[in-house]
Amino acid sequence: MVQAGGVSSERAARGRRRSRRSRVPSVRLLVFLLAPALALYSVFIIYPLFSSLQYSLFSWAGTRQLGFAGLENFERWLQPGLYRERLLRAFGHNMIFFAGTMLLQTTLGLAFAVLLHRSRAGKRFLQTAFTLPHLVSPIVVGYLWSLMLSPSFGAVNAGLRGVGLESLALPWTGDPALSLPTVIVVNAWQWVGFPMLLFGAALAGIPEEYGNAARVDGASAWQVFRKITFPLLIPAIGTVSVLTFVGNMNVIDVIYAMQGSQGQPAGSTDVLTLLFYRTAFQNPDPAAIGQSSALAVLMFVFIFGVSMLAIRVMRRAEGRLR
Amino acid sequence: MGRRTAPRTLTRNSASQISRSLLAAGCAATLALTACAPSTEGGSAGDTTKLTVWSWRTEDIAGYNKIFDVYEKKHPGVQVEFKAYKNTEYPTILQTGLAKSSGGPDVAQLKPFGPIQAFIEGGNLTALDGKVDLAGWPEEVVAAAKGKKDGKTYGVPFAIQTLHVLYNKKIFADNGIQVPTTWEDLKAAGDKLKKAGITPMATTAKEPWVMGLTHEIFGATRMGGDKFAQDVVAGKNDFTDPDYTASLQTVADLKPYFPEDVTAVPYLDAQALFSSGKAAMYPGGAYELGPFKKADPGLDIGFFDAPLPPGAKMDKPVTPGFADGSYGVNAKSPNQKEALELVKWMATPEFGQLFADELKQISAVPGVSPKDPLLAEMIAKYRSQGEPYSMAVHFGYGEPLGRDAEGEAIASMLLGKMDAKAAGTKIQKDISAWFKPEE
């Protein structure tokens with residue numbers, strides 16, 4: 001901006017100062033612009049966050065807050081007994097859900113993104129088609145799939161029987177061994193477009209010259225993907241993993257719609273959010289507010305901790321790329 | 001996976017920025033679940049006192065308006081406003097409404113047994129002892145509105161649900177089947193229907209509460225009815241009792257007559273199987289008649305009470321039933337006198353008859369009989385051979401609810417993952433997480 005040649009150094013410095021001042025808005029303007037968002041954030045995020053922490057440390061009789069309870073509400077979840085078993089069972093299901101989703105949804109998303117990146121014909125159409133289920137509420141998706149998978153009226157088993165695959169017409173949502181994988185597949189069906197879009201955007205950001213240069217050197221298509229494309233996608237993979245983790249730990253709607261608030265059958269699809277839902281809203285215990293808040297705090301600490309750790313690991317991986 | 005942000009290009013920096021901000025939002029959403037609920041206004045103006053009644057029965061608005069018109073005519077100066085909220089949102093809305101110092105309801109519809117306890121212990125309700133006369137009401141009906149700790153009454157029960165085996169009269173006639181009076185008859189009818197390509201009984205083990213009710217319908221006489229439950233409450237018995245586990249087996253043995261893959265059948269499909277004439281019988285409550293009649297007004301429904309299974313501890317069939325909820329007075333209502341007057345009226349035969357006829361449900365007021373012949377017959381059975389639905393009356397006070405623990409264990413039995421003994425042990429363990437027998 002400031003021309004150095006033929007101008008005294010004093011004027012140059014003044015000019016630089018002025019230009020810096022004009023680039024940084026005044027504090028008053030900053031406060032004015034940030035206040036609405038900050039107010040909303042405080043009311044809807046910060047306040048509930050701290051109030052539930054406070055709720056979890058007190059005794060309750062209905063909506064009446066009694067005395068300080070210390071860690072009593074947490075003991076319900078952490079002491080040996082049914083509630084700890086249920087907590088661990090739900091936690092295990094969340095982990096399986098995350099692993100399954102990463103395996104299916106993220107891998108497919110990456111595959112679709114790579115294939116679509118190369119293809120010209122129908123790219124827009126396919127991108128839209130894969131992302132379309134996003135526009136439907138997970139409750140609706142879960143409900144529709146539970147109808148399609150129903151053994152009495154469902155289209156899936158009727159179709160399988162119709163083409164002679166009788167042995168594959170299984171009780172998808174009613175067998176404890178199948179129910180969680182089924183929900184994972186339905187969830188992945190809905191969200192596969194999300195990693196696909198992120199990976200697609202990241203692929204578009206990789207200069208074509210890298211691949212061309214490698215090919216000139218005699219690299220096969222797989223080698224180009226393995227040695228060039230994939231490493232450059234690591235930041236996007238990290239982002240997708242963390243978002244998938246947070247999303248999966250908080251998953252509730254699709255499972256609620258397909259398997260009910262109990263995570264049926266026989267608790268085989270029970271996850272942390274369902275456990276929270278039952279403790280908070282289906283629990284006749286007058287101390288329900290404290291008990292459910294304690295569970296929410298435990299979930300927050302875990303999800304936040306793991307995500308922070310994941311981001312740090314991710315940064316280190318990115319650092320190696322630089 | 002839940003957020004939809006798709007930047008066109010994703011650089012290293014923006015990638016981690018996005019992940020960090022979305023992460024914070026995602027995590028916070030977990031905690032934010034615990035807060036928030038809407039509110040409404042109420043109160044009195046001028047000479048007329050306006051009473052607000054809150055309910056979860058959106059389908060009953062027109063009926064209640066007619067009922068309260070009758071009340072308003074007899075009580076000049078009082079205006080009753082009936083406000084119904086969505087069933088699933090009602091508990092949260094009511095919790096906030098009763099906690100507020102003003103603007104809540106004057107009279108509120110309260111869910112029975114367990115859920116009312118939090119309001120009682122929170123001091124949100126006015127005790128009705130000495131103010132409303134419920135003498136002569138069955139004990140297990142009033143229990144729906146009683147404080148578990150203080151034993152006081154906080155509501156006037158409004159409806160009773162009775163449990164039976166509903167059946168499609170046309171299918172029975174077409175297949176030459178008589179209403180079964182013995183367990184052998186029931187099984188023979190099931191076999192005959194199955195051969196004819198009809199599902200004998202529509203039900204679902206996917207919803208634990210449905211299996212809990214099914215157990216009460218078929219197993220109550222095998223376990224010894226409410227006597228068994230009372231013994232458990234008194235600490236004289238528990239759910240590992242051989243007669244109780246045999247009653248679980250009674251239900252599991254009916255598996256051949258249930259729909260295929262019964263643990264995968266959605267509740268709505270179970271209803272649809274019966275209302276579409278694909279299934280002949282439906283173990284369920286009086287509350288199912290409405291939805292069935294709506295699905296097919298021409299459906300000719302009859303009912304019977306389950307015959308005695310082999311080894312039954314009781315000598316004749318029973319009609320299980322439970323109170324479906326009550327009306328109580330908000331302790332913070334400024335119109336205590338008028339609100340009490342209204343719930344007092346809700347305990348009279350006049351209200352009971354209006355309730356039964358306008359809303360086509362079974363009134364809890366003793367002596368009242370609905371115009372609908374089927375409902376009238378159901379309540380007559382309940383009055384002559386009624387038995388409290390013990391899982392609701394005695395074991396609905398903690399998480400997991402008794403009926404859910406029972407239904408889940410039966411589902412495991414139907415899946416072949418558990419025998420009756422293991423199921424009993426599991427139910428005992430689940431309920432013991434919060435239930436302590438009386439000393």
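**Entry 1: what I am looking at**

I am working from a predicted model, so I keep in mind that local features are taken only at pLDDT of at least 70. I started with the make-up of chain B, which has 18 helices and 11 strands. Of its 439 residues, 56% are buried. I also looked up how far apart in sequence its contacts reach. Counting contacts in chain B between residues at least 6 apart, 75% join residues at least 24 apart.

**Entry 2: where chain A meets chain B**

How many residues of chain A are in contact with chain B? I get 77 from chain A, against 68 from chain B. The two chains bury about 6,200 Å² between them, and 64% of that is on carbon and sulfur atoms. On the chain A side, the residues that lose the most area to chain B are A:Thr63, A:Phe153 and A:Pro284. Together these three make up 10% of what that side buries.

Next I went through the polar side of the interface. I find 11 residue pairs in polar contact between chain A and chain B, with both residues at pLDDT 80 or more. Helix α14 of chain A (residues 288-321) gives the largest share of the side that touches chain B, namely 14 residues. I sorted that side of chain A by class and got 41 nonpolar, 24 polar and 12 charged residues.

**Entry 3: salt bridges across the interface**

The count between chain A and chain B is 4 salt bridges. I looked up A:Arg161, which forms a salt bridge with B:Glu260, and the closest N and O atoms are 3.9 Å apart. With the cut-off at 4 Å, I note this pair as a salt bridge.

B:Lys429 and A:Glu85 also meet in a salt bridge, at 2.5 Å from N to O. B:Lys429 sits in helix α18 of chain B (residues 420-432) and A:Glu85 in helix α4 of chain A (residues 82-118), so this pair joins two chains.

**Entry 4: salt bridges within chain B**

Over all chains the count comes to 21 salt bridges. B:Asp243 counts as buried because its relative accessible area is 19% and the cut-off is under 20%.

Then I looked at B:Arg403 and B:Asp404, which form a salt bridge at 3.2 Å, N to O. B:Arg403 is partly exposed at 32% relative accessible area, whereas B:Asp404 is buried at 6%. I also found a network: A:Arg86, B:Glu408, B:Lys426 and B:Asp430 are joined by salt bridges that share partners.

**Entry 5: strand β3 of chain B and its sheet**

I moved on to an open sheet of 5 strands in chain B, in the order β2-β1-β3-β10-β4, with mixed pairing. Which strands are at the edges? They are β2 (78-84) and β4 (156-157) of chain B, each of which pairs on one side only.

I followed β3(B) to its two neighbours. Strand β1 of chain B (residues 49-55) runs parallel to β3(B), and 2 bridges join them. In this pairing B:Val53 has B:Val107 as its bridge partner, and B:Trp54 stands opposite B:Ala108. With strand β10 of chain B (residues 326-329), β3(B) pairs in the antiparallel sense over 4 bridges. There I find B:Val107 opposite B:Val329.

Is β3(B) buried or exposed on its two faces? Side chains in a regular strand alternate between the two faces of the sheet. In strand β3 of chain B (residues 107-110), B:Val107 and B:Gln109 are on one side, with B:Ala108 and B:Leu110 on the other. All four of them are buried, and I note both faces of β3(B) as covered.

Methods
Residues are numbered from 1 along each chain as its sequence is written. Chains are lettered from A and ligands numbered from 1 in the order in which they are written. Side-chain values use heavy atoms; hydrogens and water are left out. Contact means heavy atoms within 4.5 Å. Buried area is the accessible area (1.4 Å probe) that two parts lose on being put together, summed over both. A salt bridge is a side-chain nitrogen of Lys or Arg within 4 Å of a carboxyl oxygen of Asp or Glu. A polar contact is a pair of N or O atoms within 3.5 Å; within protein, one must be able to donate a hydrogen and the other to accept it, and residues adjacent in sequence count only if both atoms are side-chain atoms. Ala, Val, Leu, Ile, Met, Phe, Trp, Tyr, Cys and Pro count as nonpolar, Asp, Glu, Lys and Arg as charged, and the others, Gly among them, as polar. Buried means under 20% relative accessible area, exposed over 50%, partly exposed in between (1.4 Å probe, protein chains only). Two strands pair if DSSP finds at least two bridges between them.
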